Amino acid sequence: MSDIVPPEVRPKPAVPAKPPNVGAPSPSSPFPPQGPGIGGASALPPSSQKSGGGSTLLGYIGIDTIIEQMRKKTMKAGFDFNLMVVGNSGLGKSTLVNTLFKSQVSRRSAGWARDEKISKTVEIKAVSHVLEEGGVKMKLTVIDTPGFGDQINNDNCWDPICKYINEQYEKFLKEEVNITRKKRIPDTRVHCCIYFISPTGHSLRSLDIEFMKRLSHSVNIIPIIAKSDTMTIEERLEFKQRVRKELEMGGIEFYPQKEFDEDMEDKSDNDKIREAMPFAVVGSDKEYQVNGKRVLGRKTAWGIVEVENPNHCEFALLRDFLIRSHLQDLKEVTHNIHYETYRAKRLNENGGLHPISSNNTQESNL
């Protein structure tokens with residue numbers, strides 16, 4: 001009998017260590033440190049680390065740095081956000097926008113001067129500002145609509161607004177189909193439309209319902225109750241419930257739409273937001289001293305209404321929702337849903353758009 005030769009024992013390959021400076025966020029980074037798993041300090045041996053496809057990772061690769069790479073590129077490019085405000089004159093549209101972004105981004109005066117004529121048609125006025133916070137730059141464009149709802153006859157007063165929204169989609173589409181297009185297409189599409197509801201305490205006007213019904217499939221509409229400090233807490237709650245019921249009966253979809261919830265976590269978060277809407281808000285760019293602190297508020301004969309106090313109004317909820325949690329989603333829904341709907345409709349008309357070459361000569365159809 002021949003002797004049994006034991007299998008050759010090969011040394012395990014050396015596992016390269018993760019570089020100490022990779023994956024660790026800088027002090028100024030808004031991203032939290034990563035936990036166990038790929039890119040983080042794992043308690044498992046390298047042979048146990050597997051990706052979603054089941055492949056074994058024998059050492060540190062650097063996949064986790066993709067997030068940091070994306071952050072750097074995005075920080076350099078900056079952000080665009082285009083916000084439209086619609087509502088009757090005197091509801092505090094400019095003041096609320098200034099309060100949201102804590103700067104004078106909307107400078108229109110809050111009332112009519114004696115010698116100022118009321119516009120006979122709805123105007124569209126867009127003003128852009130570059131805001132910077134923590135090294136992040138955002139080009140904010142505020143689109144105001146003076147003249148909306150101010151006429152005796154308000155038939156079709158939403159037409160100029162619909163036209164403006166579609167014109168921005170058309171601009172973006174024409175840039176997309178150019179033969180030689182820009183590396184970064186300027187984005188003037190309306191990402192969000194805040195609709196100001198008068199604090200009547202009764203019900204929505206027919207103009208409110210008709211406007212939101214016509215535009216809800218073209219833009220993200222967020223309805224809010226303006227100057228809610230003119231109502232008591234009980235009146236405010238009853239009015240909010242009545243508005244929600246009327247919106248539901250009218251088949252009006254406001255942002256965030258239920259069909260766009262991506263998973264159960266999104267649905268749970270968005271359900272809470274939908275239950276709180278329309279937000280009853282108060283805007284003010286004036287500061288007052290309250291309990292030794294400077295706060296934004298409106299001074300009345302009974303005291304000071306604190307804008308950022310959740311016990312006084314829902315401005316803080318609106319700001320957190322609009323800027324801190326859903327700003328990027330507003331842009332994505334605009335691009336993936338509203339713009340794509342417009343794009344598909346346009347490309348199906350008359351055989352599609354003609355691409356435009358660099359010398360503005362039309363080429364063959366798409």
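Modeller: Helix α4 covers residues 206–215, and its buried residues are Leu207, Asp208, Phe211, Met212 and Leu215. Seen down the axis of α4, these buried residues fall within an arc of 120°, so they line one face of the helix. Keep in mind that this is a predicted model.

What does that face pack against? The buried residues of α4 pack against β1 (79–86), α3 (159–176), β4 (192–197), β5 (221–225) and α5 (233–249).

Take β1. Of its 8 residues, 7 are buried, so β1 is largely enclosed by the rest of the structure. The cut-off for buried is under 20% relative accessible area. β1 pairs with strand β3 (residues 136–144) in the parallel sense, over 7 bridges. Within that pairing, Met84 stands opposite Ile143 in β3. β1 also pairs with β4, again in the parallel sense, over 4 bridges. There, Leu83 has Cys192 of β4 as its bridge partner. Both β1 and β4 are among the elements that the buried residues of α4 pack against.

Now α5. Glu235 lies in this helix. Is Glu235 buried or partly exposed? Its relative accessible area is 40%, so Glu235 counts as partly exposed. A polar atom of the Glu235 side chain lies 3.0 Å from the backbone nitrogen of Thr232. Glu235 can also be placed relative to His202: their C-alpha atoms are separated by 9.1 Å, and the two residues are 33 apart along the chain.

For contrast, consider a residue in another helix. Asn98 is found in helix α2, which spans residues 93–101. Its relative accessibility is 5%, so Asn98 counts as buried. Leaving aside neighbours within four places in sequence, Asn98 is in contact with Ser103, Gln104, Val105, Ser106 and Asp285.

Last, the whole chain. It has 8 helices and 9 strands. Buried residues make up 38% of its 366 residues. Among contacts with a separation of 6 or more, 66% join residues 24 or more positions apart. The chain exposes about 22300 Å², and carbon and sulfur atoms supply 53% of that area.

Technical notes. Residues are numbered from 1 along each chain as its sequence is written. This is a predicted model: local features need pLDDT of at least 70, side-chain atom pairs count only at pLDDT 80 or more; totals for chains, interfaces and linings use all residues. Side-chain values use heavy atoms; hydrogens and water are left out. Helices (H or I, at least four residues) and strands (E, at least two) are DSSP runs, numbered from the N terminus. Buried means under 20% relative accessible area, exposed over 50%, partly exposed in between (1.4 Å probe, protein chains only). Contact means heavy atoms within 4.5 Å. Accessible areas come from the Shrake-Rupley method with a 1.4 Å probe; for residues, only the protein chains shown count as cover. The arc is that of the directions from the helix axis to the C-beta atoms. A polar contact is a pair of N or O atoms within 3.5 Å; within protein, one must be able to donate a hydrogen and the other to accept it, and residues adjacent in sequence count only if both atoms are side-chain atoms. Two strands pair if DSSP finds at least two bridges between them.
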